[in-house]
Amino acid sequence: MSVHTEPAVRVTGLTRTYHADGEPVHALAGVDASFQRGTFTAIMGPSGSGKSTLLQAAAGLDRPTDGSVWIGGTELSRLSETKLTELRRGRIGFVFQAFNLIGALTVEENILLPLRLAGARPDRAWITQVVDRVGLGQRLRHRPSALSGGQQQRVAIARALASRPEVIFCDEPTGALDTNTAAEVLTLLRAIVDEHGQTVVMVTHDPVAASYADRVMVLADGRIVHDMPQPGADRIAEHLATLGRSRAVTR
Amino acid sequence: MISLATRMLRHRPGSSVATLLALALGALILTAMGVLVESGLRYHPAPVRYAAADLVVARPDTTFTSREFDGEIYRSTVALPEGGTVPAGLAGRIRGIEGVATVAVDENIAVHTGAGTPLSGRGWASAVLTPYELVDGRAPANDDDVVLSTDPVPGGLDSGVAPGGAASGGVSTGEAGRARVGEQVRLVVGGVLRTYRISGLARGNGNAAAVFFSDAHAAALAPHRGAVSAVGVIAAPGTDLGRLADQVGQVAGDTAVLRRADSGLAERSADGAAAGLLIQVGASFGGYVILLIVFVVAATIGLSVRHRRRDLALVRAVAATPGQVRRMIMAESALVSVFASAIGVPAGLAAAGWLTGELTSRGFVPEGFPMAPGVIAAAGATGVILVSAVLAGLLAARRISGIKPAEALGEAAIEPVSAGRVRWISGLVALTAAGSSAFAAVAAGGQTALGAALGMLYLFVLAVALLAPWINAAAARLLAPLLRAAFGTSGYLAAANLRANARGAASVLTSLVLAVGFGGSVWFLQNNLERQAVAQSRSGLIATRALVTGAGLSDSVVAEVRAVPGVRAATPVRNTSVVASVMGDGEVIGARAVDPAGIDATLDLGVTSGSLADLRDGTAAVSRTQASTFGWDLGEKVALRLGDGTPADVRVVAIYEHGLGFGDVVLPRSAVIGHTATNLDDQILISAPASADVALREIAAAHPGAALVDTGTVTGGLAKDLALSAWLNRLLIAVMVGYTVVAAANTMVMAALARRRELAVLRLTGVTRRQVKRMINAEQAGLLGVAVLLGGTIAALTLSSVVRALTGNLVPYVPPLGVATVLGGTAVLALATTILPIARLLRVPPVEHIGVRE
């Protein structure tokens, strides 16, 4: 665990309003949350609950309508698009559901891409350590198309780790994987939290995936409705089911 | 960034094939045009006529000076269309300078053989400048003597021994056309048939067969009074030529003193004229094509950016700033342009070789004109292609800011719902600009008219390109019921696609509109110019007969014609040019000099204001287009220079309509006497009853080379001349139209192939292959309808406003076959370039495409 008391990510009063067919839609209706360093948080919720919007806003991929986002000591709302990009490539890692990698580049080049775009010299020892950790030492010269889905996700995790970010955001990282491969990827994520004190925030709709996390946040209608420390897959599923039923009833 | 761009390109070369093709074709055209310009610019006439002269004093060009806004002096130099002159008295003053061995004046005297072959007529004193040396006989001593050069004369010489010789073609002197000393020869000199005695034969290395007269006779025959074409100086051995040139320069005043290397500039030659033509043609068309390339390539790069949205969003999300992605796109375009140049430039050099052959065989360029190898042209074209590609990349990369990094997260890349306000406003601005330019004054002349038309066309197409999303959306809404009725379910899907993908289809629509707009306007512009010129000439000629000749007609002929009983009026006409300054640049304007007496009975210029009756020395009539281009008003005093550079401030006394048929400036004949190269008339328009024909024909017979023709023939001749110069315009316009067609095909194939995933989804949801095809047909029919409507409107607006400015006709002439070609061609293009690639996609089972990354 980190010695810092400051959270890795903090959002306050976060709202995000879209306009669809002239009607305002509140994807986030005032969310306050902080994610401590060295923790693994899963964000869950039914479709349209705002979980992806929360992730995008917290990761600086999208700008909130109101409220503020802090990555460490930096507030994002005042940053220009270029400053925001620079912050993302240095202090935030990403793992998406699929299409994480640039097909034109080899595994190694994909891993080094953020560093290269930043014009930074890669820390060779660290990269070797990361590559060994995700178990891709033999595949560095391959193209992503030659890898399995699970291997591709591991490359994405290696890329996210390469710049030693403050936080890694994952958007359904196992959504396109079978159960065994998904378990492999989740174990890897769990391990980087435990072994390297990495902070991970993951959006998922799979209670099993969420059970790897230290903490599970459940969103509904743009608000946090549950915030549970290590609840276990069964309890998560139960909560989600209740949520689904109550929503069905209110309609 | 460049290495990343290289990797991206190597991984997916397909996305850049369209750009590569467009750029390679552009490189081909630009290289070919560049070779023309380079050859023209590098042309430096070698001294022939003055090869033996150390210095030549002449006035080959005229310079306009003006002050620019920033106070800088701006100079524009134009070659004098009739050749400049220097004062005859100059020779005497030069003779007194120390170090001068020989001074000789040179005259260009128009001489033709009885068979009509032009000869170079000179005074014997100038023979040393070439040099010509006597090989037989002696120098001409009196007015009847001539020395002939030993060069063979095409058509032979007319000895005048055989009676009635001229009409029957004449008898060649001696064996194989060789003249002998002591024989007689008949020559048309100064428009008059004369008999001379061959006093000697001379050998020299001139441009053409030459005839030398005695100096006194030459001075009498010379076209200029008190002035000569050039003064040649041969220095005494050991003289410092630089110093001598300075000293001659001091007495020579504002005329040019040319050293040996430059003395070719003082010679009027077909090569010099060809060099000017090559520069003009190459530069203007090259310029139009550059704009076209930027337009087309911006569209193809834009499309490839759109198709790789997902990749780019990912790069943006993980690390790249918008600036970095923009630079990556530009680096990619630059790389593609290098490959394109590697393909296009050699092809362009080959094309230039072919073009040179065609230009030579059609008489635009003399045989043996030194064409440049094209090294500079190749480098230039490569550079221009590179810059155009980067510029187009920059335009396309502006869209990058519209790509949200969050798009990398979502399941599908959804088009942003609405296009930007900026685009909407820019589109309206472009439309307004295009609309108002249609009403602006348009310059005269084939080349400039084409430029104006293209400018307007580009603005219209730009407006369509910018407004395309809204046009497509509106069209989809309007066409939906129609498509549904015609194509059923497929039509319903097609309308939905058109509506949903309004932005994606923008580049397809734009390229179709560009092809229709181009094909429908500039191509027909030439038809209109030709027809109008012939029509103006026909309706403007009141005279029934014309005496025409290539050898020139002297003053006495007009008097002879006027003396024929029944002749109501005879108007001698001289074709010449004047030079005027427009915005500080000297420009050569085609002009006619006429005798205003009795002109009402021979010519109708379509005078709209003022009167030709006021035409006398110090006045001029100008065409309506010329007046509007130069901003000249009736009664205004305008500063012209005659064809030999003599300043002539004239008052505009009449403005007329028939500028295409008769030239843009009409001067009184008296004003140009002594100021044209030959000082002879080119034709005499005659208003006379048929009864006068016999007498008129007798006059024609007395002047070898002259013929009496019906004025209808004159018009026919004009049409033939126009058709010849039109060949070049047509060829180049065809190249441009062809380029837009290839670009459109390119864009559509690219757009079609990018739809594999979408089509796979449709087929998996149960849409049959036939229905997919019908859907595509319906979509293309919809797009085609909109494109033809817009392109047709644009073409009609452009064509009619240019034609109106040039001819005053609001309704342009459009050949029916041309319309059919444009419409049919576009339809075939739209269907073939979409349906064939789609059919290929449909042959593959849909599951194979469903996993394909976009």
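Axes here are lines fitted to C-alpha atoms, for helices over the stretch in contact, and the angle between two of them runs from 0 to 180 degrees between N-to-C directions. With that in hand, let's look at this predicted model.

**Chain B overall**
- Chain B has 854 residues, and 53% of them are buried.
- You'll find 24 helices and 25 strands in chain B.
- Along the principal axes, its C-alpha atoms fill a box of roughly 105 × 70 × 60 Å.
- Take the contacts in chain B with a separation of 6 or more: 83% of them link residues 24 or more positions apart.

**Two helices packed together in chain B**
- Helix H9 of chain B covers residues 322–361 and helix H10 of chain B covers residues 375–397; they pack with their axes 8 Å apart, at an angle of about 150°.
- Angles over 145 degrees count as roughly antiparallel, so H9(B) is roughly antiparallel to H10(B).
- The crossing of H9(B) past H10(B) is right-handed.
- Where H9(B) touches H10(B), the residues split into 17 nonpolar, six polar and two charged.

**Where chain A meets chain B**
- Chain A puts 23 residues into the contact, and chain B puts in 22.
- On the chain A side, helices H1 (51–58), H2 (81–91) and H3 (107–118) each supply at least two residues.
- H2(A) gives the most to that side, with six residues.
- The chain A side that touches chain B is made up of 11 nonpolar, five polar and seven charged residues.

Notes. Residues numbered from 1 in each chain as written. Chains lettered and ligands numbered in written order. Predicted model: local features only at pLDDT ≥ 70, side-chain atom pairs only at ≥ 80, totals over all residues. Helix = DSSP H or I, 4+ residues; strand = E, 2+ residues; numbered from the N terminus. Buried ≥ 20, exposed ≤ 12 C-beta atoms within 10 Å, placed from the backbone. Contact = placed C-beta atoms within 7 Å. Parallel < 35°, antiparallel > 145°, perpendicular 65-115°, else oblique. Left-handed = near helix turned anticlockwise from the far one by under 90°. Nonpolar A, V, L, I, M, F, W, Y, C, P; charged D, E, K, R; others polar.
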